[in-house]
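This briefing walks through strand pairing, charged contacts and aromatic contacts in one protein model. Please keep the sequence and the 3D view open while reading.

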Amino acid sequence: MNNLHILNLAAYNRPEITESKNKEWVNYGVDNNYYQYIIDRYNGSATNNAIINGVVNMIYGKGLDATNSSKKPDEYAQMKSIFSKDDVRKTVLDLKLLGEGSMQIIYKNGKVYKAEHFPRQTLRAEKCNENGEIEAYYYHYNWDKIKPSEQPKRIPAFGFGNGKESEIKIIKRYVSGFDYYAPVDYQGGLAYAELEEEIADYLINEVQCGFSGTKVVNFNNGIPDREKQLQVKDDVLGKLTGSRGEKVIVAFNNNAESKTTVDDIPLNDAPQHYEYLSNECVKKLIISHRITSPLLIGVKDGNSGLGNNAEEIKTATLLFDNIVIKPYQELLTDCFDAVLSVNGISLNLYFRTLQPLEFTDTEDIVNEEQREEETGVKMAKEDLSDEDFDILLDELRGETISNRWEEVDAREQSEDNEDIEDWANSLIESKQENLEKKSIDSKKSGFSYLDKSLYKVRYRYAAKYSSDNSRQFCRIMMARTSRNIVYRIEDIDKASNSGVNKSFGHKGKAYDLFRYKGGPQCGHIWEEVLYRLKSKTMKKDIKNYNEVDDIPKTYKPTPRGYKDAREAPKDMPNNGHHPNWLK
């Protein structure tokens, strides 16, 4: 009996949540490393991996959006800045894979600046306070290797910080009896994910070794010492195992009674046995993840009974979307709403869907906002995607004016406006010092022919008429305006020549953004903005409004399209269309 060694298959353990008197954090799992157990089941089980990846893609879809983005462009721009696509996508994966997602909330000047993904497996909850609240989480990069002398970093939970330090926002489902950690929604399927791994390991071993536990070689001529046993074992395995192992054994014996024997350990119907186990694992994992049809993960089941495949996929998708995907999306958007509320931002957030429009139930939709949320199709139909627009608008990035400069005035464009130099001279006067030898050191790309040494002139996109259905170009431009971005006249002309809004140009001609802004029926205008160099000038007293000195009148620059820039296209003839637009 002492020469018989038995290998036990890995046992499946449910998560144990324990508090230690000498530790401030709560352990998750027997070895405080249960998250790694879940990650291993994700990496080791082909079915589990495929299902989780598919569900994550369906939850995230085409990314986070808001149905009222055109009504609240400033808030929408802030939301996009706070939640990056990459951070949201990673958080969605953690939420599905680990049962919880976490984000690090970073503050700046008392407002939320960024919400970044934080790996959930690196955090452990602090013991609840007397009100049952978790006030903080402890961070360590690898809890499996933490030393007794190490002290993990304490990070306040969302709402328990001082408004300056970073906080941790946890996203999880409520599960009765689990105050500190939420189990994954496929908890019952983890045993089958592990079984699928064991089957895969066995079959790989069978192929590689060809001699894995189905035969016993007996040497019936006495038991040699330990060293000799290991030598004989190595010789036999070297000869007989592997895909190229020898098929014939040549043995030399003293007599028939002491001959070498090879005995089979029978496994009746082995192929059918492992096929049954594999199919059982797939079925149980599909059930545990609440997959409404095997076809959603590419598995054909001939007994589905939902009609042809297209009908089955459509029916299964609608059901799966309602009972699995949307609850996850609502969990995420509720969390994002809580973060945005710190900045006073209120948006109707949703995830744009990946599924085809014909797979979406639109029968009971009552308004356009609901239609956008259900179908993921923006109310204002655009020819280009957000990514395409970002590439196209590279020519119109604009600039934010440094704090060396101060805005003095802004005005709508008008042919009746006084010229730029008179405008500047009426509002700005130079300080009493020698100015001739002191000019502004500005980059060549930052200079405009409308500028002088003491002032700059830029253009700002502004709304003359508000609209709930602005074009994508206008929404982007107004979002930039909310971030104090302005443009040189040269920037606007370059973007026009590069093809921004070219679809509105008559018969393929370049579209003049300075004159016609966002296209026919657009309600936006260009504002002309005057900046003064704070170190060399000061604002004039309103009593001296007509006084002009210090800045010589060397020229009176007037940009092309000066008259049209202050007029919204919807106020123009033909609502901004080309005179021959119907021809």
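In which sense do β14 and strand β18 pair, and over how many bridges? β14 and β18, the latter covering residues 524–533, pair in the antiparallel sense over seven bridges, where two strands pair if DSSP finds at least two bridges between them. The model is predicted, so that local features need pLDDT of at least 70 and side-chain atom pairs count only at pLDDT 80 or more, while totals for chains, interfaces and linings use all residues. Residues are numbered from 1 along each chain as its sequence is written, and side-chain values use heavy atoms, with hydrogens and water left out.

**The sheet of β14, β18 and β16**

- Three strands form an open sheet in the order β14-β18-β16, with antiparallel pairing; helices (H or I, at least four residues) and strands (E, at least two) are DSSP runs, numbered from the N terminus.
- The edge strands, each pairing on one side only, are β14 (405–412) and β16 (455–463).
- On average, and with direction ignored, neighbouring strands of this sheet are turned by 30° against each other, the axes being lines fitted to C-alpha atoms (for helices over the stretch in contact), with angles that run from 0 to 180 degrees between N-to-C directions.
- Within the pairing with β18, R411 has E528 as its bridge partner.
- R532 and E406 also meet through their side chains, in a salt bridge of 2.6 Å from N to O, a salt bridge being a side-chain nitrogen of Lys or Arg within 4 Å of a carboxyl oxygen of Asp or Glu.
- Because R532 lies in strand β18 and E406 in strand β14, this pair ties together parts that are 126 residues apart in sequence.
- R532 counts as buried at 9% relative accessibility, whereas E406 is partly exposed, with a relative accessible area of 25%; buried means under 20% relative accessible area, exposed over 50%, and partly exposed in between (1.4 Å probe, protein chains only).

- β6 and strand β7 (residues 136–139) pair in the antiparallel sense over three bridges, and the partner of L123 in β7 is Y139.
- β7 is also joined to strand β8 (residues 153–156) by four bridges, and these two strands run antiparallel; here A136 has P156 in β8 as its bridge partner.
- Six bridges join β4 to β9, again with the strands running antiparallel, and M103 is bridged to K169 in β9.
- Strand β9 (residues 167–172) has five of its six residues buried, so it is largely enclosed by the rest of the structure.

**Other salt bridges**

- Side chains of opposite charge can pair when their charged atoms come close.
- The count of salt bridges comes to 13.
- One of these links E100 and R120, whose side chains meet at 2.7 Å from N to O.
- E100 lies in strand β4 (residues 100–108) and R120 in the loop between β5 (111–117) and β6 (123–125), so this pair ties together parts that are 20 residues apart in sequence.
- Both E100 and R120 are buried.
- D321 forms a salt bridge with K326, with the closest N and O atoms 3.9 Å apart; D321 is buried at a relative accessible area of 12%, while K326 is partly exposed at 21%.
- K96, D185 and R290 are linked in a network of salt bridges.

**Aromatic rings**

- The count of aromatic pairs comes to 14; rings of Phe, Tyr and Trp (its six-membered ring) pair if their centres lie within 6.5 Å, and planes under 30 degrees apart count as stacked, over 60 as edge-to-face and the rest as tilted.
- Among these pairs, Y487 and W526 are edge-to-face, at 5.8 Å centre to centre and with 80° between the planes.
- Y487 lies in the loop between β17 (485–486) and α13 (489–498) and W526 in strand β18, so the pair ties together parts that are 39 residues apart in sequence.
- Y487 counts as buried at 0% relative accessibility, and W526 likewise counts as buried at 0%.
- Ring pairs also link Y28, Y34, Y35, Y37 and Y181 into a cluster.

**Charges over rings**

- K108 lies over the face of Y113, at 4.9 Å from the ring centre; a charge sits over a ring if NZ of Lys or CZ of Arg is within 6 Å of the ring centre and within 35 degrees of the ring normal.
- K456 lies over the face of W405, at 5.0 Å from the ring centre.
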